[in-house]
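I opened the model to look up a few contacts, the sheet, the cores and the aromatic pairs. My notes follow.

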Amino acid sequence: MPYTFRSFRKPHVSKIREVTEGTIELRKLMGWSGQGGITTPFTNSVSLISHFKRFESIEEIDQHFEKMSSNKEVGNKISELNSYCDMYSNTVFEVLRSPSGPNFENMKKNKYVIQFWMKAKIGKRWDLADAVIKNSVGRNGNMPGISVPIGSMEPGDIVMTLPFPNLSFLPTFEESKSNIKVMESVQDFLIEPPKRHITRLMFD
């Protein structure tokens with residue numbers, strides 16, 4: 001079962017560049033360069049910067065971070081980055097379905113990511129996941145990935161993610177009617193309407 005490890009930071013407004021550049025340096029120290037990527041603010045109102053890496057098992061994550069815990073350079077860089085931020089958190093996501101299609105096959109051509117975060121009612125997390133997997137639709141042969149954080153997260157319990165190369169990939173208001181089926185299929189399982197965020201995507 002694959003997993004994605006993702007770190008989130010909310011930088012001070014004047015420190016977005018420093019946190020972005022420092023994240024690239026941190027990933028180099030961790031041996032993550034060329035694996036996964038970095039997201040930076042675009043239309044996400046909370047202005048988060050994140051970086052992520054995929055692991056093929058939870059044991060692989062354990063082994064990696066046991067090794068990193070004794071790396072003083074990594075610890076110092078994390079402390080430096082966090083001094084520029086109002087918030088920092090690490091999250092592990094279980095991948096229920098990987099994204100697929102032309103955009104994912106040539107991942108480094110993508111410049112943006114769109115994500116739908118959904119927050120389930122108590123006891124409805126599994127029903128919500130099943131409905132999203134069954135009814136989510138793709139665009140131009142690209143199917144979104146579906147993942148779930150292994151711990152609680154304020155933004156939501158289920159995340160639908162799709163990378164894309166340019167803004168013209170996004171559907172117009174009229175074309176977005178194709179999402180009606182999935183939205184109708186999940187409405188009974190949600191506490192509130194899904195939140196849609198678009199972020200810039202970078203690769204190191």
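Leaving aside neighbours within four places in sequence, which residues is Asn-142 in contact with? I took contact as heavy atoms within 4.5 Å. I found Ser-100, Gly-101, Pro-102, Asn-103, Phe-104, Leu-162 and Phe-169.

Before going on I noted the basis: this is a predicted model, in which local features need pLDDT of at least 70 and side-chain atom pairs count only at pLDDT 80 or more, while totals for chains, interfaces and linings use all residues. Residues are numbered from 1 along each chain as its sequence is written, and side-chain values use heavy atoms, with hydrogens and water left out.

**Entry: Asn-142.** I placed Asn-142 in the loop between H5 and E6; helices (H or I, at least four residues) and strands (E, at least two) are DSSP runs, numbered from the N terminus. Asn-142 has a relative accessible area of 2%, so I list it as buried. Buried means under 20% relative accessible area, exposed over 50%, and partly exposed in between (1.4 Å probe, protein chains only). I also looked at the side chain of Asn-142, which reaches the backbone oxygen of Asn-140 at 3.2 Å.

**Entry: the sheet.** I traced eight strands that close into a barrel, in the order E1-E3-E2-E8-E5-E7-E6-E4, with antiparallel pairing. Two strands pair if DSSP finds at least two bridges between them. Neighbouring strands of this sheet are turned by 30° against each other on average, direction ignored. I checked E6 (residues 145-149) against E7 (residues 158-164) and found antiparallel pairing over three bridges. Gly-145 stands opposite Thr-161 in E7.

Two helices that pack on the sheet went into the notebook. H3 (residues 72-82) touches E1 (3-11) and E4 (85-97), and its direction makes about 115° with that of E4. H5 (residues 125-135) touches E4, E5 (112-118), E6 and E7, and its direction makes about 30° with that of E7. Axes are lines fitted to C-alpha atoms, for helices over the stretch in contact, and angles run from 0 to 180 degrees between N-to-C directions.

**Entry: cores.** I used the nonpolar core as a set of buried Ala, Val, Leu, Ile, Met, Phe, Trp, Tyr and Cys residues joined through side-chain atoms within 4.5 Å. The largest has 20 residues, of which Met-118, Leu-128, Val-132 and Ile-158 touch the most other members. E5, H5, E6 and E7 each supply at least two residues of this core. A second, separate core of 15 residues includes Trp-32, Ile-38, Val-74 and Leu-81.

**Entry: Ile-114.** I found Ile-114 in strand E5, where it counts as buried at 10% relative accessibility.

**Entry: aromatic pairs.** How many aromatic pairs does a search of the whole structure find? I got eight. Rings of Phe, Tyr and Trp (its six-membered ring) pair if their centres lie within 6.5 Å; planes under 30 degrees apart count as stacked, over 60 as edge-to-face and the rest as tilted. Trp-32 and Phe-55 are edge-to-face because their planes stand at 70°, with the centres 6.1 Å apart. Trp-32 is buried at 0%, and Phe-55 is buried at 2%. Trp-32 also forms an edge-to-face pair with Phe-65, at 6.2 Å centre to centre and 85° between the planes. Phe-65 is partly exposed at 26%.

Note on methods. A polar contact is a pair of N or O atoms within 3.5 Å; within protein, one must be able to donate a hydrogen and the other to accept it, and residues adjacent in sequence count only if both atoms are side-chain atoms.
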